Amino acid sequence: MGAKVVTVTSGKGGVGKSTTTANLGIALARLGKKVVMIDADIGLRNLDVIMGLENRIVYDLVDVVEGRSKLRQAMIKHKQFPDLHLIPAAQTRDKTAVSPADMIQICNKLRDDFDFILIDSPAGIERGFRNAVAPADRVLIVTNPEVSAVRDADRVIGLLEAENKGPGQLILNRLKPAMVKRGEMLSPSDVTDLLGLEIIGIVPEDDLVIPASNSGVPVTLNDTSRAGIAFNNIARRLCGETVPLMNLDEPEGFFKRLARLFSGN
Amino acid sequence: MPDDTLTIKGVNDGLLITLSPTEQWERITTDLAARIDDKLDFFRGAKVTIDTGERPVPKYELTSLRALLERRQMLLAVVVSESQTTLASATALDIRTRSTLVAPRAEDAEHDDVAPIDPEEQGTIGVMIRRTLRSGRTVHSRGHVVVYGDVNAGAKIIAAGDIIVWGKLRGMAHAGAEGDTTAVVCALDMSPNQLRIGDHITTAPPDKRRSNRPEIACVKDDHIVVEAWS
């Protein structure tokens, strides 16, 4: 048995890969799983920042690959969740410092001691993407409900199919239910129609996400956040639980309800 | 230049090169190369139909003939032959074939005592793709293309013949890519971002009407038209 290697990728940049990886890592750790996260975005690392672990980096992925450090030395343990670890990316090098074979080797070394290995893929479809996908047992494709992000997701799914990494599963991030209702944003069914892929989670747009990432305390730890709840649900689905997709209607405020009462709707 | 090995004729959409069925193959290819090189500027870019008569041409010979033409920037588009061996070689190389150059003339027909009741269909070559073509994928074919799946936006199909999509067509489809304007594009859901037939190009209309019915695109009066496929 051993760990399941889950790679988070997207094609397009800025759709929320690192945020998703960080939150899934925390959520899985809260479920009692042993988790190691690997930031494969060499040269543009940021998973450590979102996780609030930046100051504790001594060694990184490239140090491990080039033999300057042992694998264990590069793993930063999360303070709150001792079973959650991060292997950070190097900031000084580029993606060619690591090969797909290196990634497979590292993951194989970690498999026996963990339940999940989460790999944060860089944007794009070049070397960094191939590194991140090479060891994957399962691929999560993050996309936003907009045409350009969906187009890139489609490209990535095609490449995954070509490498026999299965079609993967979709995380639809930053959905605004009100805009979908007005027909200004692609709906989840539009996206599944375009991509022909199963959705494993829909994460609503949430103003709490950015401040949480900035402060290094991922939003999953905030139990009032709807995005946080969505990430927790995805983590439970990754563990094999059946969790229904959450009701996406935004909770109505008092004034809205009042206004509705008076307008007679 | 000896004329007994081959003749080169201009036909409506390219060149027809008729090779002697009996002459030595080496002599033919040498002569052909010499004839072309003599007027290279004139021949460059030409689409070539080769008539090999009854000569059985194995695949390796046809391959080298095609290479000979391609080195001179000419395209071997069609092979005409009476030999099954030659036709099989051409099919294996994804070159279009015709078994005889001209339809049997009326007087020939009269010679036949009885016309066959159920003549065997002369099949045409093509490729079948049994999956969805996602963004970034391209399919090229010298024949027809059938997709059993969707063609997503960002994917491309370029075919010398027809294109049939048993699914949603959202990408780019170019039928008749070697100039055949009688080629068609059919799809269960026709919403490509661009359609090309021969050298005609059309883009999706801005008002994205979604017809849920199968449609067919063809060239009529020099324009690509899309109508119900029934």
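Axes are lines fitted to C-alpha atoms, for helices over the stretch in contact, and angles run from 0 to 180 degrees between N-to-C directions. Helices (H or I, at least four residues) and strands (E, at least two) are DSSP runs, numbered from the N terminus. The model is predicted: local features need pLDDT of at least 70, side-chain atom pairs count only at pLDDT 80 or more, and totals for chains, interfaces and linings use all residues. Residues are numbered from 1 along each chain as its sequence is written, while chains are lettered from A and ligands numbered from 1 in the order in which they are written.

In chain A, helix H7 (residues 147-162) packs with helix H9 (residues 188-195) at an angle of about 35°. Their axes are 10 Å apart. From H7(A), Val150(A), Ala153(A), Asp154(A) and Ile157(A) make the contact; from H9(A), Val191(A), Leu194(A) and Leu195(A) do. Two residues are in contact if their C-beta atoms, placed from the backbone, lie within 7 Å. The contact residues comprise 6 nonpolar, no polar and 1 charged. Here Ala, Val, Leu, Ile, Met, Phe, Trp, Tyr, Cys and Pro count as nonpolar, Asp, Glu, Lys and Arg as charged, and the others, Gly among them, as polar.

## Helix H11 of chain A

Helix H11 (residues 226-238) of chain A has 13 residues, which at 1.5 Å a residue should span 18 Å. The expected span is 1.5 Å times one less than the number of residues. The end C-alpha atoms are 18 Å apart, which agrees.

H11(A) is largely enclosed by the rest of the structure, because 10 of its 13 residues are buried. A residue is buried if 20 or more other C-beta atoms, placed from the backbone, lie within 10 Å of its own. Among the buried ones are Phe231(A), Ile234(A) and Leu238(A). Their cover includes strand S1 (4-9), helix H1 (17-30) and helix H10 (209-214) of chain A. Just after H11(A), Gly240(A) takes a positive phi of about 100°.

## The sheet of chain B

Chain B holds 5 helices and 16 strands. Of its 230 residues, 33% are buried. An open sheet of 6 strands runs in the order S6-S8-S10-S12-S15-S16 (chain B), with mixed pairing. Two strands pair if DSSP finds at least two bridges between them. The edges are strand S6 (126-129) and strand S16 (223-228) of chain B. The twist averages 25° from one strand to the next.

S6(B) pairs with strand S8 (residues 144-147) of chain B in the parallel sense, over 4 bridges. Gly126(B) has His144(B) in S8(B) as its bridge partner.

Note on methods: A residue is buried if 20 or more other C-beta atoms lie within 10 Å of its own, exposed if 12 or fewer, and partly exposed in between; C-beta atoms are placed from the backbone.
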